[in-house]
Amino acid sequence: MKTNWVETYYKSQYELMTSNFAYPPNHFFEDEVSLLEEQVGRPFTTVLELGAGRGDIANILARQDREIVTIELVEEICEYAKKHAHQNIQVLCGDFYTIKLQRNFDLILYLDGFGVGNDDDQSFLLQRIFNWLSDDGYALIDIYQPLYWQEITGQEMYPFGIENIIRKYDYDETGNRMTDTWREKGKENEAITQSLACYSPEQIYTLCEKAGMHIIAYYPSGAMDFETGIFQKKRIVG
């Protein structure tokens, strides 16, 4: 599924970050994979990653002798991902609301992007995720919680300390959606914005139940460090 802003936003964000060397350091993705493995809590060998971007997480998983399939919408990002992909990775360029996959996976990842459309769109995608899972498969999905975004609305930062880029968070109370706007200094008229639906745990439960999925756990995530522009992950406390 594509809305008016999706492909333009992610393509422009990629170009903006690339031209300003504004990508997270390698250890950020290594920490992310470590946390994901901790959350899954069981062995897995096949992975589907939706909205995989440049493939940073996929490459770390692939180097651990896992078989990975990634799906990314923007052609330019897919070309980068293919050029740098580990041999255990298959990079697919397409829309994961319409792409056809004839296989199942132990683990499905959708990090930082759920909530593009409306509730019906989320239900449709969750049903697709359910159908792509193996019989005992798991899905880890980032879903934004409204209370956090209500608290930080209006907050600005420099992503990864790059002062040429200004990023602003807001919250649309009417639509219950977070907005994430990026602009380059001196180019205010070229700002790009993504808008993602936010859901309470009860609403997430209802969406998953409709798709036939059973929630094992909710994992509270971290928070943005607004001084550095880097997201700080919180680990599981057991």
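Cys 78 is buried, with a relative accessible area of 1% (buried means under 20% relative accessible area, exposed over 50%, partly exposed in between, with a 1.4 Å probe and protein chains only). The structure is a predicted model, in which local features need pLDDT of at least 70, side-chain atom pairs count only at pLDDT 80 or more, and totals for chains, interfaces and linings use all residues. Residues are numbered from 1 along each chain as its sequence is written, and side-chain values use heavy atoms, with hydrogens and water left out.

The closest cysteine sulfur to that of Cys 78 lies in Cys 93, at 3.1 Å, which is too far for a bond. Cys 208 is also buried, at 8% relative accessibility, and its sulfur is 15 Å from the closest cysteine sulfur, in Cys 198, again too far for a bond. Zero disulfides were found in a search of the whole structure (a disulfide is a pair of cysteine sulfur atoms within 2.5 Å).

Five strands, in the order β3-β2-β1-β4-β5, form an open sheet with parallel pairing. Strands (E, at least two residues) and helices (H or I, at least four) are DSSP runs numbered from the N terminus, and two strands pair if DSSP finds at least two bridges between them. Because β3 (89-93) and β5 (133-141) each have a single partner strand, one side of each is left without a neighbour in the sheet. Strands β1 (residues 46-50) and β4 (residues 105-110) run parallel and are joined by four bridges; Leu 48 has Ile 108 in β4 as its bridge partner.
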